[in-house]
Amino acid sequence: MKIFSAKQLSEADKVTTEKHDISSLDLMEHAGTQVFNWLHQRLQGATVPIHIFCGIGNNGGDGLVVGRLLIEKGYNVHIYIANFTDKRSKCFLINYDRIKETTKKWPLLMTSEKDFPEINDQDIIIDALFGIGLNRPPQGWLKPLIQHINASKAFTLAIDIPSGLYANQALEDEESVIKANHTLTFQAPKLSFFLPETGKFVPFFDIIDIGLDPEHLHKIEPLAQLIGKQQAQQFYKPRQAFDHKGTYGHSLIVAGSYGKIGAAVLSAKAAFRTGAGLVTVFVPECGYDIVQTALPEAMTLSDKEDDLITDISYEIEPSAIGIGMGIGTQPETVSALETLFKNAKSPMVIDADALNCISENKNLLKVLPKHAILTPHPGELERLIGEWTDDYDKLKKAKTFSKKHEIVLLIKGAHTAVIYDNNLYINTTGNPGMATAGSGDALSGVLTGLLSQGYDPLLATVFGVYVHGTAGAIASQTMGYEAVMATDIIENLGNAYMSLFEQPESERKS
């Protein structure tokens with residue numbers, strides 16, 4: 001699914017009206033009707049007071065359409081107009097007149113804080129103050145209005161986007177944004193829904209198709225691609241009857257140091273669970289017996305040193321290499337890492353301490369393997385690309401880094417982002433239960449296992465993040481967020497694969 005900018009959606013709106021000979025008013029009516037249908041299906045005529053706060057632009061016009069339709073169905077509706085300027089959109093004015101023709105209870109025109117209505121905890125609020133056209137924080141008494149709405153405990157539904165939030169630019173004032181419980185967004189989700197600084201204002205959303213021209217949308221180069229189940233199904237490579245373990249490649253996991261051999265075990269096990277045909281684990285000598293005991297399916301190689309990795313020597317021909325999990329940043333390890341970067345021919349996943357080695361020794365960037373997958377958490381990312389002013393600056397710097405070094409950059413988070421060159425992919429799976437030790441080690445194993453099966457580095461990253469997140473979601477459904485461990489994520493990788501093609505109950509044949 002594509003994520004568009006505010007400007008692209010505005011252009012799509014214009015193209016749709018011209019190409020299909022329909023008016024902007026018709027599009028607004030359709031959008032408002034879709035929002036009404038969503039509400040009516042859930043409220044079923046309940047008498048709860050519904051407070052609709054409308055701006056004087058097109059988002060306010062959407063709110064007026066919803067209000068009129070709710071009134072016509074007998075709902076207890078109160079409409080308020082934020083009358084902060086004389087400039088009004090044409091569609092707003094037409095729908096304002098339609099409200100007057102529908103009910104004797106005309107909207108209240110608010111001009112100052114003294115006009116703010118009382119809102120009870122059990123009421124419903126519909127936010128239609130500002131849409132994606134907003135380009136500066138709400139001014140004057142509008143900020144106190146938003147704070148008044150936020151101070152209530154009423155359920156708040158935002159139309160298209162929470163007022164005060166931008167579709168694709170950084171916030172200037174968090175206190176001027178509606179804290180919506182749910183958002184009904186038009187045509188496609190907005191990039192701000194998925195970034196740490198702004199996503200907290202959109203905890204839940206549904207997408208409403210308002211009928212923008214699909215051919216035009218298909219041609220647009222989006223800001224980002226959202227990766228869900230439908231996309232993941234297309235990425236999956238099915239197995240054939242006469243395949244064998246050699247078909248699915250040989251993963252080499254280089255990981256561990258004294259006290260951190262568990263990282264190697266977790267990564268290797270995840271590589272197996274993801275489908276690697278063979279897995280060899282390279283660890284310090286102290287980890288040899290541990291790996292052989294904990295994971296009998298794996299082959300084990302060890303360094304000559306007992307407690308850390310100093311010389312990554314092997315005679316196998318790995319299909320993919322995953323390195324860095326728990327290896328430390330000792331000078332001897334840095335030297336071994338540099339030698340591997342220079343000589344290895346296999347596609348590579350670079351994680352954890354290997355990333356820290358790069359951050360502390362920038363000369364390693366000169367020998368960084370092309371098309372390698374780097375998997376930093378926020379702290380590791382900052383050490384790689386430098387500090388950023390906001391999430392959009394972070395994405396800009398990450399794209400520059402990816403393009404300069406020709407690597408795939410995976411940015412871990414609630415909505416893990418994958419960057420290659422100027423392309424951005426956002427994952428939709430995962431949950432807070434995955435914020436646990438070893439989860440990243442498991443992800444590195446997943447990515448290495450996919451690479452060994454012949455997945456392209458970018459495809460392996462996008463697909464691997466989805467599968468890893470799905471496994472974490474399945475684990476949390478049975479255990480709760482707090483109880484999930486990295487091992488539970490790994491043990492549910494098989495279920496994650498199974499869920500890819502699982503039909504909903506309503507679609508299954510009896």
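Visitor: Which residues of α3 are buried?

Guide: N59, G60, G61, D62, G63, L64, V65, V66, G67, R68, L69 and L70. Keep in mind that this is a predicted model, where local features need pLDDT of at least 70, side-chain atom pairs count only at pLDDT 80 or more, and totals for chains, interfaces and linings use all residues. Residues are numbered from 1 along each chain as its sequence is written, and side-chain values use heavy atoms, with hydrogens and water left out.

Visitor: Why is α3 called mostly covered?

Guide: Buried means under 20% relative accessible area (exposed is over 50%, partly exposed in between, with a 1.4 Å probe and protein chains only). In α3, 12 of the 15 residues are buried.

Visitor: What makes α3 a helix, and what span is expected for its residues 58-72?

Guide: Helices are DSSP runs of H or I with at least four residues, strands are runs of E with at least two, and both are numbered from the N terminus. The expected span is 1.5 Å times one less than the number of residues. For the 15 residues of α3 that gives 21 Å, and the helix reaches 21 Å from its first C-alpha to its last. After α3 comes G74, with a positive phi near 90°.

Visitor: What do the buried residues of α14 pack against?

Guide: Contact means heavy atoms within 4.5 Å. The partners include α13 (378-385), β16 (408-411) and β18 (423-427). Among the buried residues themselves are Y392, L395 and F401. At the start of α14, a side-chain oxygen of D390 reaches to within 2.9 Å of the backbone nitrogen of Y392.

Visitor: How do you know that β13 and β14 pair?

Guide: Two strands pair if DSSP finds at least two bridges between them. Three bridges join β13 (residues 320-323) to β14 (residues 348-350), so the pair qualifies, and the two run parallel. I321 stands opposite M348 in β14.

Notes:
Polar contact = N/O pair within 3.5 Å; in protein donor to acceptor, adjacent residues only side chain to side chain.
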